Amino acid sequence: MTLPTYFVSHGGGPWPWMKDQYGPAYDKLEASLQAMRRDAPDAVRAVLVVTSHWETPGFMVSSGAAPGMIYDYGGFPPHTYRISYPAPGEPALAARVAALLNAAGHPAGLDPERGFDHGTFSMLYPVYPEAAMPVVQLSLRRDLDPQAHIEAGRALAPLRDEGVLIIGSGLSYHNLRQFGPGGAAASRAFDGWLQETMALPPDERNAAILRWDKAPMARVAHPREEHLLPLMVASGAAADEAAACVYHEDDFFGSLTVSSFRFG
């Protein structure tokens, strides 16, 4: 089967390991992530995560067989710096990803030392808590060019027929200085535009997201767009297929509007 692709709002830091502190704050997000596995329980053989927490001059692909951990957050409880998510890598898939990108004119390299950042392991833990599913990560290109990331998604589309689940991991709203009541209006306005844009016919959708920075409150919602760019890859990989909202809250942490989308 042809697998869908996803853009997921991955939450903050190591939240699956902080339920005592957060209570029900992440219940809806967790349920939406768990639902991804039920969509294609037997068809997925590996996951490719486009992570907003890794930027390189050109595209890079994690290629180690046993990736380590990257605790790329600060100010969290000590136990969150001992988290282990021992999912295997898959060097052959990493090489395939790089080959597809290179063939499409987007130079890509392999990084055998890259570990799992929290945009990957925190998001995947609710989906695959047993950490047995092979996982490969794709970086963002540091210039954050939306066209290049849509084109990269198009190049990676064949993976959907090869049992590879493509997940863009970011956040639909990412302004850490206004991550609370101060971000309510901006997150709501930008999410409204995002919902309308994702409902467009696929060709119009991909044209519209190239102009994301003209959306209402765009630069307040994303002062820097690294947490939005994984959406471009997921949308590009399902360029001719419709999108659907699979997670939405308008009171995330009491005030923020956030969403995730499935393509295909």
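## Aromatic pairs and buried positions in a predicted model

Tyr71, at 27% relative accessibility, counts as partly exposed, a class that lies between buried (under 20% relative accessible area) and exposed (over 50%), computed with a 1.4 Å probe on protein chains only. This is a predicted model, in which local features need pLDDT of at least 70 and side-chain atom pairs count only at pLDDT 80 or more, while totals for chains, interfaces and linings use all residues. Residues are numbered from 1 along each chain as its sequence is written, and side-chain values use heavy atoms, with hydrogens and water left out.

The search of the whole structure finds 19 aromatic pairs. Rings of Phe, Tyr and Trp (its six-membered ring) pair if their centres lie within 6.5 Å; planes under 30 degrees apart count as stacked, over 60 as edge-to-face and the rest as tilted. Two of the pairs involve Phe121 and are tabulated here.

| Pair | Centre to centre | Angle between planes | Class |
|---|---|---|---|
| Trp17 and Phe121 | 5.9 Å | 65° | edge-to-face |
| Tyr71 and Phe121 | 6.5 Å | 80° | edge-to-face |

Trp17 lies in the loop between β1 (5–9) and α1 (19–22) and Phe121 in helix α4, so their pair ties together parts that are 104 residues apart in sequence. Helices (H or I, at least four residues) and strands (E, at least two) are DSSP runs, numbered from the N terminus. Phe121 is buried at a relative accessible area of 0%, whereas Trp17 is partly exposed at 22%. Tyr71 is placed in the loop between β3 and α3, so its pair with Phe121 joins parts 50 residues apart in sequence.

Gly115 belongs to the loop between β4 and α4 (118–124) and is buried, with a relative accessible area of 4%. Leaving aside residues up to four places away in sequence, Gly115 touches Pro67, Gly68, Ile70 and Gln137, where contact means heavy atoms within 4.5 Å.

Asn206, in helix α7 (residues 202–209), is likewise buried, at 4% relative accessibility. The side chain of Asn206 reaches the backbone oxygen of Ala239 at 3.5 Å. Among the residues that Asn206 touches, not counting those up to four places away in sequence, are Ile150 and Arg154. Helix α5 (residues 146–156) has 8 of its 11 residues buried, including Ile150.

Conventions
A polar contact is a pair of N or O atoms within 3.5 Å; within protein, one must be able to donate a hydrogen and the other to accept it, and residues adjacent in sequence count only if both atoms are side-chain atoms.
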